[in-house]
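User: I have a model open and want to learn how to read its features. Can you take me through them one at a time?

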Amino acid sequence: MYAQLVDTGLAKVRSADDMDEAEAAFQARIDAGVRIEPRDWMPVPYRKTLVRQISQHAHSEIVGMLPEGNWLTRAPSLKRKAILLAKVQDEAGHGLYLYSAAETLGVSRDQMVEDLHAGRAKYSSIFNYPTLTWADIGAIGWLVDGAAIINQIPLCRCSYGPYARAMVRVCKEESFHQRQGYDIMLTLCRGSAQQKQLAQDALNRWWWPCLMMFGPSDAESVNSAQSMRWGIKLHTNDELRQRMVDQTVPQADFLGLKVPDAQLRWNEESGHYEFGKIDWDEFYRVLKGEGPCNRERMAARVSAWEDGAWVREALNEHARKHEADSARLA
Ligand SMILES: [Fe+2]
Ligand SMILES: [Fe+2]
């Protein structure tokens with residue numbers, strides 16, 4: 001598909017002889033901090049990596065609406081319901097900006113959706129965990145959106161223009177999401193002993209999966225080194241994970257909650273928290289489709305797509321009519 005993109009003129013074709021020169025010029029632009037835009041020449045693997053990363057990101061925003069959507073009808077007050085509704089709608093918007101950013105690389109939205117539904121494209125594994133109580137909604141906003149911010153802030157400076165610009169708005173909204181999650185946790189922690197226990201249980205459930213969101217240690221990964229040279233990735237997974245722990249532990253302390261890690265301790269010398277070992281077997285199990293909600297999430301997405309067929313048809317029909325009318329008037 002990507003070879004075909006090069007042939008159809010979406011990217012300027014370079015012969016094998018001057019490819020090295022073109023690549024060197026491309027790298028020099030990135031090194032100088034010049035943004036790459038959709039019409040610019042780019043190496044095929046750069047385009048391919050971005051399509052994979054941006055579409056995966058878009059799918060995560062959309063699938064991520066499901067665990068929280070689960071609580072829209074059961075929010076404890078009208079105010080909480082309105083806030084959660086706004087948050088979930090924001091996530092739909094994030095998905096749409098990101099699908100649009102991926103489309104600038106020559107892949108269609110239908111293709112991306114088809115890849116997701118066929119299991120060829122991934123989304124963040126964190127959304128394969130269930131939301132058992134209202135406190136999970138607090139924990140998701142605080143921790144999952146918190147991790148998303150840490151991941152996405154550097155992407156506002158990534159080398160691909162449409163992706164970087166989408167991230168600026170997304171990050172602003174994510175910070176509202178994180179605050180609303182923390183506010184739910186704070187309210188529960190200042191409530192009855194039972195409410196505080198709900199908050200603690202939610203932290204226990206979400207802490208480790210959130211640390212897994214940054215991905216396995218990538219110090220030796222070839223792909224990750226290449227993504228860093230291309231300015232698509234600006235920090236290693238481990239650096240971002242450390243940032244998450246350093247930022248979140250004091251917030252848990254303020255809530256009066258205990259982070260579920262017996263090895264967690266402050267290292268005076270390094271100025272960072274040390275933390276216990278992550279269960280990567282669990283991570284790979286969920287990634288392979290064996291998480292608690294993988295099947296449920298995919299089934300919900302596929303049925304939403306099928307149920308929406310009549311809306312897409314009606315919109316296409318409307319667009320066709322509008323086009324025909326405009327042609328007649330012209
Ligand atoms: Fe989002
Ligand atoms: Fe969010």
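User: Let me start with M244. Is M244 buried or exposed, and why?

Analyst: Buried means under 20% relative accessible area. M244 has 1% relative accessibility, so M244 counts as buried. This is a predicted model, so keep that in mind throughout.

User: Where is M244 found, and which residues does M244 touch?

Analyst: M244 is found in helix α11. Setting aside residues up to four places away in sequence, M244 touches L143, G146, A147, I150, C210, L211 and F214. For a distance across the fold, take P38: M244 and P38 are 206 residues apart in sequence and 32 Å apart in space, C-alpha to C-alpha.

User: Next, V63. Buried or exposed, and why?

Analyst: V63 is at 0% relative accessibility, so V63 counts as buried. V63 is found in helix α3. Beyond four places in sequence, V63 touches L116, Y123, F127, R297, M298 and R301. H177 is 114 residues from V63 in sequence, and the two C-alpha atoms are 16 Å apart.

User: What about L132: buried or exposed, and why?

Analyst: The cut-off for exposed is over 50%. L132 is at 52% relative accessibility, and therefore counts as exposed. L132 is found in the loop between α6 and α7 (134–152). Leaving out neighbours within four places in sequence, L132 is in contact with W71 and R205. L132 and G289 are 157 residues apart along the chain, with 20 Å between their C-alpha atoms.

User: And R295, buried or exposed?

Analyst: R295 counts as exposed because its relative accessibility is 66%. R295 is found in helix α13. R295 and N128 are 167 residues apart in sequence, yet their C-alpha atoms are 8.6 Å apart in space.

User: How do I read empty space in a model?

Analyst: Start with the general idea. Rolling a probe the size of a water molecule over the atoms shows where empty space is left. Now the case here. The second largest pocket holds about 300 Å³ of space. Its lining has 13 residues, and the closest to the pocket centre are I62, Y99, V113, R301 and W305.

User: Which elements give two or more residues to that lining?

Analyst: They are α5 (78–103), α6 (109–117) and α13 (294–307). With 5 residues, α6 gives the most to the lining of the second largest pocket.

User: How many residues of each class line the second largest pocket?

Analyst: The lining has 7 nonpolar, 4 charged and 2 polar residues.

User: Now aromatic rings. What describes a pair?

Analyst: A pair of aromatic rings is described by the distance of the centres and the angle of the planes. This structure holds 9 aromatic pairs. One of them is Y46 with W230, at 5.6 Å centre to centre and 85° between the planes, an edge-to-face pair.

User: Where do Y46 and W230 lie in the chain?

Analyst: They link distant parts of the chain, 184 residues apart. Y46 is in helix α3 (residues 44–63), and W230 is in the loop between α10 (222–229) and α11 (237–255).

User: Are Y46 and W230 buried or exposed, and which residues form one aromatic cluster with them?

Analyst: Both Y46 and W230 are buried. The cluster consists of F26, W41, Y46 and W230.

User: Last point, confidence. What is the mean pLDDT of the protein chain?

Analyst: The mean is 92, and 93% of the residues reach 70 or more.

User: Where does pLDDT stay under 50?

Analyst: Over residues 1–16. For that stretch the model has 20 contacts beyond four places in sequence.

Definitions and conventions:
Residues numbered from 1 in each chain as written. Chains lettered and ligands numbered in written order. Predicted model: local features only at pLDDT ≥ 70, side-chain atom pairs only at ≥ 80, totals over all residues. Heavy atoms only, no water. pLDDT = per-residue confidence, 0-100. Contact = heavy atoms within 4.5 Å. 1 Å grid on protein atoms, 1.4 Å probe; cavity = no way out; pocket = protein on both sides within 12 Å on 5 of 7 lines; lining within 4 Å. Points joined across faces, edges and corners; volume = space filled by probe spheres on them. Helix = DSSP H or I, 4+ residues; strand = E, 2+ residues; numbered from the N terminus. Nonpolar A, V, L, I, M, F, W, Y, C, P; charged D, E, K, R; others polar. Phe/Tyr/Trp six-rings, centres within 6.5 Å; stacked < 30°, edge-to-face > 60°. Buried < 20%, exposed > 50% of the residue type's maximum accessible area, 1.4 Å probe, protein only.
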